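Here is a short briefing on a multi-chain model. Please look over the sequence and the coordinates first.

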Amino acid sequence: MKINDVILQTVTKIVVFIILTFGVELFLSGHNNPGGGFIGGLVLSSAFVLLYLVFDIETVRKGIPFDFKKIAAFGALLAVGTGLGSVLFGSAFLTQTASHFNLPVFGETELSTVVLFEAGVALTVVGVVVTIILSISEDV
Amino acid sequence: METLITILVGVLVTVAVYLLLSKSLVRVILGTAILSHAVHLLLMTMGGLKKGAVPLLGENAENYADALPQALILTAIVISFAVTSFLLVLAYRTYKETGSDNLAVLRGFEDE
Amino acid sequence: MNNIVVMPMVVPLLTGILLVFLRSQVKIQQLLSIFSIITTAVISVYILNLIQEDGVLRIDFGGWMPPYGISFVADSFSVLLVLTTAIVTGILLIYAFSSIGRAHENMFFYPFVFFLIAGVNGSFLTGDLFNLFVCFEVMLLSSYVLITLGGRKVQLVESIKYISINVLSSWFFLVGIAYLYGTVGTLNMAHLSVRIAEVGQGPLLTVISIIFLLVFSLKSGLLLYFWLPGSYSAPPTVVAALFGALLTKVGIYAMFRVFTLIFYHEQGVTHLLIGIMAALTMIGGSIGAIAYNDVRQIVSYNVVIAVGFILVGLAVSTEIAFQGSIYYLIHDMIIKALLFLIAGTMVYLTGTARIEQMSGLIRNYPLLGWLFFITMLSLAGIPPLSGFIGKVYVGQGAIEAGSYLLLAIAFLSSIFVLYSLLRIFMNCFWGETIINEDDDVPLKKGMLIPLVLFGILTIVLGIGAEGLAPYVTDAARTLANPEIYIDAVLNGEG
């Protein structure tokens with residue numbers, strides 16, 4: 001049976017970008033406000049899941065040719081790596097630091113190593129969630 | 001307020017136990033999910049239900065709620081998310097393999 | 001600050017992650033895993049010696065001082081177990097190379113073994129009760145994957161049982177943590193111990209301690225072992241050996257830690273209960289071990305008996321008994337891995353797991369037969385082998401404490417262990433051979449070498465117990481005197 005899902009497909013094409021933007025916004029606001037790597041990652045992965053739902057898996061795989069298992073592994077590597085990075089600088093494992101920089105466009109900006117750690121978490125969440133969804137849906 | 005939430009936790013546990021004891025695998029998984037929600041509520045109640053802002057610097061509030069139970073709950077949610085999704089995949093695979101989600105039909109060893 | 005303390009967890013974690021990227025290059029995966037497990041072992045030896053000089057070590061994550069942050073604490077007890085874990089896993093990996101098969105290797109078998117090790121080592125080293133829960137879950141999630149990997153029907157069905165029971169015990173763990181946090185307002189183990197000593201372990205806290213007893217009994221198979229034989233018989237040999245050697249031991253470790261460091265005030269209630277449960281476990285395990293005709297079931301029930309025996313040491317709670325339990329714990333991790341491997345190899349060679357259908361294996365595979373013989377003697381506690389010293393010390397401790405009944409049951413269970421294994425030995429290795437010269441399955445070298453290595457290890461551990469003695473004595477001293485641990489965590493300069 002061919003389902004007519006023109007409306008869903010058209011809406012999705014726009015909504016996916018809104019979700020992705022919202023995910024990034026949540027991720028970046030995570031330092032002092034509600035948000036963070038885990039939640040941001042979940043929202044990001046929901047965008048991917050929506051794509052898989054609306055278009056079939058093969059089409060999406062052509063558009064996004066990543067192995068999501070490797071993305072998860074890369075994220076975990078990044079998170080553990082920032083922990084080990086602090087060991088190289090002679091402080092305790094997982095120590096994070098932050099500092100203020102004067103950047104050309106943004107002006108006075110706070111940059112923190114915890115963002116790298118959170119980025120790792122976000123990538124892991126995206127990788128794991130999409131992998132789970134794919135492993136359920138693969139042979140339908 | 002603590003008493004009310006504790007009663008709610010009790011109700012959730014009752015529901016979860018009922019689901020866990022049923023024979024359908026999907027119900028068992030739902031039971032574990034509800035069970036984990038119950039314990040998250042319990043963790044929050046045990047930390048003491050206090051009035052105060054979210055423990056985040058951006059709130060600029062006078063007093064904050066205890067952050068530790070919330071951190072514990074967040075971690076526990078992540079873990080129960082992982083376990084539940086794994087269980088769902090497992091249930092699906094088992095259904096594919098055996099054609100049943102009835103735990104009375106599924107038996108591992110013949111001579112058990 | 002001793003960043004080295006976190007390495008036994010981080011090295012396996014990092015290895016596991018890297019192995020995911022090397023999915024298709026099996027050879028490189030194998031090389032990297034062996035290299036990493038040797039690194040972990042070397043690091044643990046280094047930490048162990050560092051502890052003898054500097055006392056209990058500690059690392060605060062992110063520089064947050066205890067009791068506010070999470071710390072890893074390394075004392076001789078935990079690092080001895082970390083070291084044994086690394087050695088046992090290393091040898092099991094060699095067995096896996098020749099037995100596990102390409103399908104498993106491509107489905108992330110090695111990464112999940114390393115995640116499991118990361119969880120196990122994390123559980124041994126952590127100094128925070130909630131972090132213990134998290135490390136438990138890391139370990140359990142990897143074990144869920146390992147038990148289902150391959151997806152045979154038996155595995156899927158048994159794993160549902162295994163996962164449900166573990167979800168439930170994790171739930172009780174969280175309930176216990178919630179109550180404990182509500183009562184004393186901290187989760188750092190050393191800080192908990194101080195606070196409970198201040199307010200006294202009243203009835204409320206004793207009830208909470210029994211929730212923890214329930215949790216760890218489910219994980220370690222103390223009395224609540226009904227899930228264990230089925231789940232440990234279903235997965236491939238290596239995975240079963242890994243589980244039999246490591247997973248229950250983590251539960252035992254947690255029980256030792258919690259009931260020597262935190263809840264040691266009401267020994268009349270908690271430790272008596274542990275003693276009763278240990279006795280019932282040994283009785284139940286003995287009955288199971290002699291009742292079944294399936295090699296894998298017999299071997300699984302032997303795990304149960306050992307759990308009961310080790311916890312006799314905790315039940316009597318004297319320093320000598322702790323020493324005995326630690327010796328026996330190390331011995332048991334090695335010998336159970338060997339026992340599971342031999343049982344799995346027998347099934348592989350004959351194609352059946354029923355002992356009445358095997359016969360005369362020693363004619364075809366003499367070395368395997370003699371290795372089984374050594375294993376049997378070692379488990380029964382015959383002197384030059386590794387099981388002996390642990391049994392002696394546990395026995396001595398039980399006599400000191402005057403628990404003669406427990407002692408009698410513990411030593412009777414050894415006889416049942418001997419009988420159950422002798423039954424396998426007589427049925428399967430003696431008698432007329434059933435395998436013709438033609439369809440004689442050759443025993444691969446890659447399978448035999450790890451078995452021999454474990455065999456050597458149990459002899460060396462028995463004869464060379466002297467060399468291990470200073471570490472074990474220190475470990476038992478720290479267990480018997482919790483203030484050493486507390487002092488290192490709360491007052492030491494990290």
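What share of the contacts in chain C with a separation of 6 or more comes from residues 24 or more positions apart? The figure is 82%. The model is predicted, and every value below is computed from it.

**Chain C: overall form**
- Chain C holds 21 helices and 2 strands.
- Along the principal axes, the C-alpha atoms of chain C fill a box of roughly 70 × 55 × 45 Å.
- Of the 494 residues in chain C, 61% are buried.

**Chain C: nonpolar core**
- The largest nonpolar core has 246 residues.
- Within this core, Leu311(C) and Ala337(C) touch the most other members.
- Beyond its neighbours within four places in sequence, Leu311(C) contacts Leu222(C), Ile252(C), Met255(C), Ile274(C) and Ala278(C).
- In soluble globular proteins, nonpolar side chains tend to be buried together.

**Chain C: helix H20**
- Helix H20 of chain C covers residues 465-480, 16 residues in total.
- From first C-alpha to last, H20(C) reaches 21 Å, close to the 22 Å expected at 1.5 Å a residue.

**Chain A: overall form**
- Chain A has 5 helices and 2 strands.
- Read from the N terminus, its elements run α-α-α-α-β-β-α.
- The radius of gyration of chain A is 18 Å, whereas a compact globule of 140 residues would have one near 14 Å.
- The C-alpha atoms of chain A fill a box of roughly 60 × 30 × 25 Å along the principal axes.
- Buried residues account for 32% of the 140 residues in chain A.
- In chain A, 67% of the contacts with a separation of 6 or more join residues 24 or more positions apart.

**Chain A: Gln9**
- Gln9(A) sits in helix H1 (residues 6-28) of chain A.
- Is Gln9(A) buried or exposed? It is exposed, because 11 other C-beta atoms lie within 10 Å and the cut-off for exposed is 12 or fewer.
- Gln9(A) and Phe55(A) are 46 residues apart in sequence, yet their C-alpha atoms are 7.4 Å apart in space.

**Contacts with chain B: the side of chain C**
- Here 26 residues of chain C contact 27 residues of chain B.
- Helices H6 (129-148) and H7 (153-184) of chain C each supply at least two residues of this side.
- H7(C) gives the largest share, 17 residues.
- By type, the chain C side divides into 17 nonpolar, 6 polar and 3 charged residues.

**Contacts with chain B: the side of chain A**
- Here 7 residues of chain A contact 9 residues of chain B.
- Helix H5 (residues 114-137) of chain A gives the most to this side, with 3 residues.
- The chain A side consists of 4 nonpolar and 3 polar residues, with no charged ones.

Terms used: Residues are numbered from 1 along each chain as its sequence is written. Chains are lettered from A and ligands numbered from 1 in the order in which they are written. This is a predicted model: local features need pLDDT of at least 70, side-chain atom pairs count only at pLDDT 80 or more; totals for chains, interfaces and linings use all residues. Helices (H or I, at least four residues) and strands (E, at least two) are DSSP runs, numbered from the N terminus. The radius of gyration is taken over C-alpha atoms; the globule rule is 2.2 Å times the number of residues to the power 0.38. A residue is buried if 20 or more other C-beta atoms lie within 10 Å of its own, exposed if 12 or fewer, and partly exposed in between; C-beta atoms are placed from the backbone. Two residues are in contact if their C-beta atoms, placed from the backbone, lie within 7 Å. Ala, Val, Leu, Ile, Met, Phe, Trp, Tyr, Cys and Pro count as nonpolar, Asp, Glu, Lys and Arg as charged, and the others, Gly among them, as polar. The expected span of a helix is 1.5 Å times one less than its number of residues. A nonpolar core is a set of buried Ala, Val, Leu, Ile, Met, Phe, Trp, Tyr and Cys residues joined through C-beta atoms within 7 Å.
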